[in-house]
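Me: I'd like to learn how to read a few features of a protein model. Could you take me through them one by one?

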Amino acid sequence: MTADHDGGTRLPDAGQAAGHHRNDDDGVRCLLMRGGTSKGAYFLADDLPSDPAERNDLLLRIMGSPDARQIDGIGGAHPLTSKVAVVSPSADGTTDVDYLFLQVAVDEAAVSDSQNCGNILAGIGPFAVERGLIPAQESTTSVRILMMNSDSIATATFATPGGRVDYRGDAAIDGVPGTAAPITLDFADTAGSSTGALLPTGNTRDVVDGVEVTCVDNGMPSVLMRATDLGVSGTESPAELEADAELAERLARIRLEAAELMGMGDVSGKTVPKLVLLAPPRNGGAVTTRSFLPVRCHTSIGVLGGTTVAAGIQLPDGVGQELAHLPADGGPLRLEHPTGYLDVGAELEQGPSGITTKTSTVLRTARKLFDGTVFPRAQTH
């Protein structure tokens, strides 16, 4: 799978599944899992239709969309809990498994493959072991994952004592109650994952709708802005920001114009690029963030959104660098968000064609919620 010019992906006309006749009464094998600060339905590709349109129709009926409450499906009535992972053995043998992320809209009949999801990614390794795609090792297991949405690779390492996934542990991530076993995500080639360059416009700073921005792509195409330039502090709650109609209108204009500069074309029907408002840290971190999805304000920050912000605030003359408190030892950057913080490692280096990222690392957790059969809503004609 390859990234297209506007940051989406070109789905193959055939083949993630055998394409056999499907009877909705039989249901579909599904594992519901919390991955990071998101929740999603995980499927083997062979358990879904091979035709993308048929697959998407089935997923909408499984999740309960379109409906603001998703009352007749397993979706959680929010973009963060209306997500799907489709997993298959590696098609070319260069990785262990292939992972396609699909964002299922809540109140409209839309399924998008235009972005990755690093939170749902946290559950892919454990899911691959649960489904027997990868044998578990005796102590810890590492799974090399192709993120099909962007043709980039991540390695997930997690505990498998006795050859079984152990979800219990002492790692805590903000935005999730309690603790769980740590899952380390190491990313390769995240710079320019969807746009071809860490700086898609070729500039460290651009001016869009009168606002200075840094357009950056280190796993998630994003537009970084100083919150104060938009007339807010950047410390407001997500609900307060979402209630600001004037802010929403301006952010929508900025997103469309910035996407054109980034070479992504018309993104009015897509979920990328993301918009991130930056402010000085308040609790000892590197910077305060408010991330948009693209309209709803994230209650935390996405994993790949975090790696992108971490790279962006380290860019010389990047928007937000003057706000950030960067660690003197070059260690992980603590990104503050509405429900706490995310620690991200992102090391920059000078490449042949300009500045890029050398490594990106994030610590996440995941937990299996249920494993069984899900029954889709009946088709309407």
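Predicted model: local features only at pLDDT ≥ 70, side-chain atom pairs only at ≥ 80, totals over all residues.

Me: Let's begin with rings. How many aromatic pairs are there?

Reply: A pair of aromatic rings is described by the distance of the centres and the angle of the planes. Here rings of Phe, Tyr and Trp (its six-membered ring) pair if their centres lie within 6.5 Å; planes under 30 degrees apart count as stacked, over 60 as edge-to-face and the rest as tilted. That rule gives one aromatic pair. Tyr-42 and Phe-127 have ring centres 5.7 Å apart and planes at 40°, so the pair is tilted.

Me: Where do Tyr-42 and Phe-127 lie?

Reply: Tyr-42 belongs to strand S2 (residues 38-44) and Phe-127 to helix H3 (residues 124-130), so the pair ties together parts that are 85 residues apart in sequence. Helices (H or I, at least four residues) and strands (E, at least two) are DSSP runs, numbered from the N terminus.

Me: Is Tyr-42 buried or exposed?

Reply: Buried means under 20% relative accessible area, exposed over 50%, and partly exposed in between (1.4 Å probe, protein chains only). Tyr-42 is buried, at 0% relative accessibility, and Phe-127 is buried at 0% too.

Me: Which ring has the charged end of Arg-334 over it?

Reply: For this, NZ of Lys or CZ of Arg must be within 6 Å of the ring centre and within 35 degrees of the ring normal. The charged end of Arg-334 sits over the ring of Tyr-341, 3.5 Å from the ring centre.

Me: Now salt bridges. How many does a search of the whole structure find?

Reply: Side chains of opposite charge can pair when their charged atoms come close. The rule asks for a side-chain nitrogen of Lys or Arg within 4 Å of a carboxyl oxygen of Asp or Glu. The search finds 17 salt bridges. One of them joins Asp-371 and Arg-131, at 3.0 Å from N to O. This pair links distant parts of the chain, with Asp-371 in strand S17 (residues 366-374) and Arg-131 in the loop between H3 and strand S6 (140-147), 240 residues apart. Asp-371 is partly exposed at 40%, whereas Arg-131 is buried at 14%.

Me: Which residues does the network with Arg-205 join?

Reply: Let's build up to it. Arg-205 meets Asp-317 in a salt bridge of 3.6 Å, N to O. Arg-205 is in the loop between strand S8 (183-188) and strand S9 (206-208), and Asp-317 in the loop between H6 and strand S14 (333-337), so the pair ties together parts that are 112 residues apart in sequence. Glu-322 also forms a salt bridge with Arg-205, again at 3.6 Å, N to O. Glu-322 lies in the loop between H6 and S14, 117 residues from Arg-205. Through shared partners, salt bridges join Arg-205, Glu-212, Arg-226, Asp-229, Asp-317 and Glu-322 into one network. Arg-205 is partly exposed at 25%, and Glu-322 is partly exposed at 46%.

Me: How should I read strand S11, and which residues are on its two sides?

Reply: In a regular strand the side chains alternate between the two faces of the sheet. In S11 (residues 221-226), six of six residues are buried. Pro-221, Val-223 and Met-225 are on one side, with Ser-222, Leu-224 and Arg-226 on the other.

Me: Which strands pair with S11?

Reply: Two strands pair if DSSP finds at least two bridges between them. Strand S10 (residues 211-217) runs antiparallel to S11, joined by five bridges, and Val-216 stands opposite Ser-222. Their hairpin has three residues between the strands, and Gly-219 takes a positive phi near 110° there. Strand S12 (residues 274-279) pairs with S11 in the parallel sense over five bridges, with Leu-277 as the bridge partner of Met-225.

Terms used: Residues numbered from 1 in each chain as written. Heavy atoms only, no water.
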